[in-house]
Every structure is written in C-alpha cells, then in structure tokens.
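Hi,

Here is the structure I said I would pass on. Have a look at it first, and then read my notes below.

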Number of protein chains: 2
Amino acid sequence: MQLPFSLGTTLPIIQAPMAGVQGSALAAAVCNAGGLGSLPCAMLSPQQLRDELTQLRQLTDMPFNVNFFCHTPPAPDAARETRWRSALAPYYAEYGIDPSSIAAGPGRNPFNEETAALVEAFRPAVVSFHFGLPHTDLLQRVKAWGAKVLSSATTVEEALWLQEHGADAIIAQGLEAGGHRGMFLSDNITTQVGTFALLPQIVQAVNLPVIAAGGIADARGVAAAMVLGASAVQVGTAYMLCPEATTSALHRAALQSPAARHTALTNLFTGRPARGIVNRVIRELGPLSAATPQFPLATTAMAPLRAKAEAAGRSDFSPLWSGQNASGCKSIPAAELTHQLAALLPHR
Amino acid sequence: MQLPFSLGTTLPIIQAPMAGVQGSALAAAVCNAGGLGSLPCAMLSPQQLRDELTQLRQLTDMPFNVNFFCHTPPAPDAARETRWRSALAPYYAEYGIDPSSIAAGPGRNPFNEETAALVEAFRPAVVSFHFGLPHTDLLQRVKAWGAKVLSSATTVEEALWLQEHGADAIIAQGLEAGGHRGMFLSDNITTQVGTFALLPQIVQAVNLPVIAAGGIADARGVAAAMVLGASAVQVGTAYMLCPEATTSALHRAALQSPAARHTALTNLFTGRPARGIVNRVIRELGPLSAATPQFPLATTAMAPLRAKAEAAGRSDFSPLWSGQNASGCKSIPAAELTHQLAALLPHR
C-alpha cells in the first residue's frame, strides 16, 4: 500500500535515528525543514532523555520521532567477558590499560515502562523501534498516545511479523544501511538483503506503508526508492556531516576519506552486527567475532581502547558507523540537505 | 555519463548471461523482443560454442552479447582437493560414491586466443566479461571487431580499473545479484556493496555508461535503476522460469518456493563466491568454506553428489543460482517478460 500514508510532515523523508552522533539539534532542524527528525534514545539516561525531549519541543512545533531498542538485556557472562578481553589483550598492553580496571559502561537499555511514562508527556507523533517491538501492553500504551509506530524489517519474514504485531508502517532496512542491523527473527547474516531487492518484496508482502532505508544518499536515491514502492525514505549517513550532528571530528574525517568506501557489518563494538567503516580493530580481528559478549555488553571492553586511541587522534577502536553510500554526506545545514534530498519529489 | 549510449538495441535491457540455465534460445528471444540477449560461454566446449553461436545467428538478426570469464586457471592442488573431498566424505558415504572414482569435470575456461578466433566469425555486437578483462592484445582484438566491451564491477575501485583498462561500459553488479560475484581486485566479501549504494557511486566515479545489475526484477526496478543513473539494466533471475531457459525442474521449483527468499554467497560449488538459494549442503557446511579448491576446480568434487541427489529428485547439492529478488520470475515467454520489464521506461 503506498497511500494514504502521512507522517504528519510535509516531506516523506525521515532522518534516521543515529545514537552517538546526534541529538535534538539535528532532529529539530530536519523537522523544521519539513522532514521527520528522529531522536535516538537507546543510549540516553532518563535525565538525558527528558532533557533532550524538552529541548526538542522547544526547538520545533513539528512532529518528531523518538527511537528505542527492544532487545532483551542479557545476563552478564563472566567467562565470555574474560574470553573477549583476552582477545583484546594485545591492545590493552599496547595502550597500557589494566583489563581488570575496566568498569561496565552505561550500555543500552530497552524500551520499558519507565521510559514510556517519561516519553508520554511529550506526545511524540512517531515512535520507532529497532530489534522488533516492545511487548503488547507497552505497545498499546504507545499507540494510545496517538503515536504512529514504526519498526525495521531486514527480511520479508520480519516485515510480516511486524505487521502481525501491530506496527503502523515498516522500515525496510536494506543491508547497505549504516549502524545496527534491525534483524530480530534470525541472527544469520546471510538472510540480510540489499535495498533494491528487499524494498519491493516487502511492499509486495505487507498491507502497510513501507519506508525505504539503506544506501539512500541523495535526491536520485529518494526518487528511486519511491519508484520501488516506498511511501517514505529514511536517510542516515548523509546527515552525519551536518553542523547540527555531534559526529566526532575523527568520524567526520573517516566519512570524507576513501576509507568510507569500505564498510563491514561488525559485532566488535556492541555484540550485534552493525555497519561501520573498516578500521584497524575490524581489520585485525575480523568484522564478526564469535567471542564478543552479547549485545550490548561488548561495548564495555572496547571503551577504554577507544578513549585512549581517540585521545591520540586515532579512530582505530571507534565504531565509525556508516552506510555503504557515504557519497551524499555534506557539511551543510540539515535543513538544506533535507531540501536537496526532496528535490526530485513531485510537488505536493 | 548517461547518454549517448547504445547497445544497438531498442530497449536498454540486457538479459544477464547465466551459464547452466540458458543458451541461444533465451538470448535470441530477448534480442527479438528488443533487448540484448546474452549467451553465457564460459562452460561451453569449442564445438558447443560454435553450435550455439550458429543457432543464435539463425534465430535473430539483432545484436547479441557473448559472455566469457577471465580468471587465471589455477594449478590443481592435490592436498587441497583431498581436504575438500574429506569434508564431503559423509555425503559420498550417504550416496555410496567412491571418492577415488571422481574424474575431473569439464570445468570453465577463460577467454583465450582460440575462443577469440572462433567467436570473431560471428561478429557479436557486445562481448561481456566477468572477473576483469582479458589481457590487452586479446581485448584489442575483440574491440577491432567493432564489439562493445562490458565487464562487471563490484566496487568503485573495480569500476575505475575497468575504465582504465578499456571497457566501453561498466556493469555495476550489486550484491543482490545471482550467480558469481564478478569481483576481481579483492576476494574480501565485505567489500561487496548493494545495488542502491554501488550504482550511484560508480556512476559518479566513471566517465562511462553504467549498467545496473542485482535485485532488478520488474518494471519498477528497471525504472528505479534509471533514476539512480543507470544507462541500461541487466536482469538475470527474472528470466529463469521462461520456457526458453533451460533451468532444471528442481531449480524452477526452488525459485517459486519460499526457499528463494534466502540466498547466500557460497563458494561450495565452484570455489568462487556466487549467490544461490540456500540448500542442504550450504546449510550444513556453511556457505563459504576455506577448504574448497580454487575456482573452478571445486566443481568436480560436488558433481557426483549433485547427479545422485538430482536423480533422486533432490536439489541438496545443486547450485540453485538466484539473486536476492526472485519475485519477478514468471513462467512466460522471454519476449513478454522483456516488454513487461520495459513498461515504465519512457517511449523512444
């Protein structure tokens, strides 16, 4: 189904939520330009979440999207943690880090009752989820606000599951997409499908509007996704150089370098496969390791290496999230980029 | 560069060469419908090649494409062959096959002087290569016939290499594509890019016309590829159910089953990564094995298993080549399919 579908915005363009490289400033800029800005909430503490939402409401009157993860938090596994730290031991030695000194980091929390209560007051027009959907009661609560619920599907099977379980629209996340794969029915990487193949098959399979994500970097990409049956598009990587993004200088440099042509799905940084630019740790350990702790626990062991390396001006241990098409990244205001992305859409 | 580019055909649609599932009949049907039909030549003996070309010339007066591989044939490696056969030993036992009885099969030969001499007489309008390009003298000989030379790029680097080395147009082979990856500058699977990301980046990088391949299955896909900057498209999987194709009954059944939703890049059948529907041997051994003999030598050891299983009505050991989008497969004449693929193109 292509229409009627409305995000409440002028443009069928969603700025993809990108935890770690953006907050309310980028989201608001996109909202004010007529797109749907997104606030990535998975890594925020309750206080940070409240602050960001307050800020966002101050910066825009337009509809916005808040994004949460819905994973099941794993029990810490000391043996696995030890195995992973021993894989990283040569790096700890290189940087003079005492592995026993590494404290657990803030991690990523799934959407829960507490978060729902906090967010409810801000009445977001759209709530999007990654890794499936929250349990029924929680989902009904969100829908009771009047929010539209989106979630990512990486296969036709996941799209059908999301439709069955109450999503209002499906994000078809092609494997070109940067950051975490939204996969939740399988952890088999070979099930992951490119946007060009995934999008039309999901459009054909479901009775919901489908939002295209993955590899869309410019006006042609937006227009092509619409031709393939998308009702809207979600664009992430292209926004990462915008002044409103909080992308680090090292990350910005990588996105603008030839290195950005080679990304990989890697679980080294969090425990779940996510697409980032290939850097030293990915090259040396291989992108996918069987030794990492379960998501999101793998984050902890890498954190001090990342901190030390970044302090020395190196992104060898940083998650340089990027999709497979960084060619649309521009150091221009997000509003301008949003308008450029919409340039080939029919006037409404 | 989008235009001017002419394949000498009415439609900017190339039927992808698919060794093992089609010959001159499918190619001629597409040519006569206004597209560019392709004859896959890599697995043909000189006599078969001559027969097929003679047949093709009889069936059509339109331009056609002949496709060859340009790999360097490896020296047989007895130790590696033994290791691979021992990985397959349980299957040999299951089917009562004596591994020592397996003779080397016909294999796949790269384009060479002998082939050039044979093909020259048929003056194909287009010659396409997989795995790079033949050496300069041979390439010049082909170009001296007046043939346009195409080759597949799976990365921007490969596209630039092909441009530098004399290709007339670049096939941007997105990782959705079925059959062998054309990759030739790297054997690292993580370098492989989805069509939505690869196509516009190659269009941006080279001064040659770019042909989109991978995941294109219907008129919307063709139109979307043109929006992304393609000068033409190459479609393979969608043609595999056409009556003119020689696709086996087992392969046809697989393409029409839900199994077709899960393909993988596998080197189990030939030694090089190629995309096919996941079947028993892929599931049990994993899609990519470090034990396979070098391309194309891996073909030999699997052949008797395939033969025995197919005789029992099972495709457990068959290479079920398919792209990630089999949704466009239709059991209709290739001419009709070609017209349907062109339905959203502007009239010329």
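**A covered helix, to start with**

In chain A, helix α1 (residues 24–32) is mostly covered, with seven of its nine residues buried. A residue is called buried if 20 or more other C-beta atoms lie within 10 Å of its own, exposed if 12 or fewer do, and partly exposed in between, with C-beta atoms placed from the backbone. Helices (H or I, at least four residues) and strands (E, at least two) are DSSP runs, numbered from the N terminus.

Before you go further, some housekeeping. This is a predicted model, where local features need pLDDT of at least 70 and side-chain atom pairs count only at pLDDT 80 or more, while totals for chains, interfaces and linings use all residues. Residues are numbered from 1 along each chain as its sequence is written, and chains are lettered from A and ligands numbered from 1 in the order in which they are written.

Back to α1(A): the buried residues are S24(A), L26(A), A27(A), A28(A), A29(A), V30(A) and C31(A). What covers them includes the strands β1 (13–15), β2 (37–40) and β3 (64–69) of chain A, along with the helices α2 (46–59) and α13 (334–341) of chain A. Just past the end of α1(A), G34(A) has a positive phi of about 105°.

**The sheet**

Chain A has an open sheet of eight strands in the order β1-β9-β8-β6-β5-β4-β3-β2, and the pairing is parallel. Two strands count as paired if DSSP finds at least two bridges between them. At the edges sit β1 and β2 of chain A, each pairing on one side only. From one strand to the next, the twist averages 25°; axes here are lines fitted to C-alpha atoms, for helices over the stretch in contact, and angles run from 0 to 180 degrees between N-to-C directions.

In chain B, you could follow β8 (residues 210–213) and β9 (residues 232–235), a parallel pair with three bridges; A213(B) is bridged to Q234(B) in β9(B).

**Two domains**

Chain A is assigned domain 1 (1–71 + 108–239 + 329–348) and domain 2 (77–104 + 257–328), with bounds that come from an automatic or database domain assignment. Their C-alpha centres lie 26 Å apart. Between them, 19 residues of domain 1 of chain A are in contact with 15 residues of domain 2 of chain A, where contact means that the C-beta atoms, placed from the backbone, lie within 7 Å.

**How the chains meet**

The contact takes 33 residues from chain A and 33 residues from chain B. On the chain A side, α8 (195–205) and α9 (219–227) each supply at least two residues, and α8(A) gives the largest share, six residues.

Happy browsing!

Conventions. Two residues are in contact if their C-beta atoms, placed from the backbone, lie within 7 Å.
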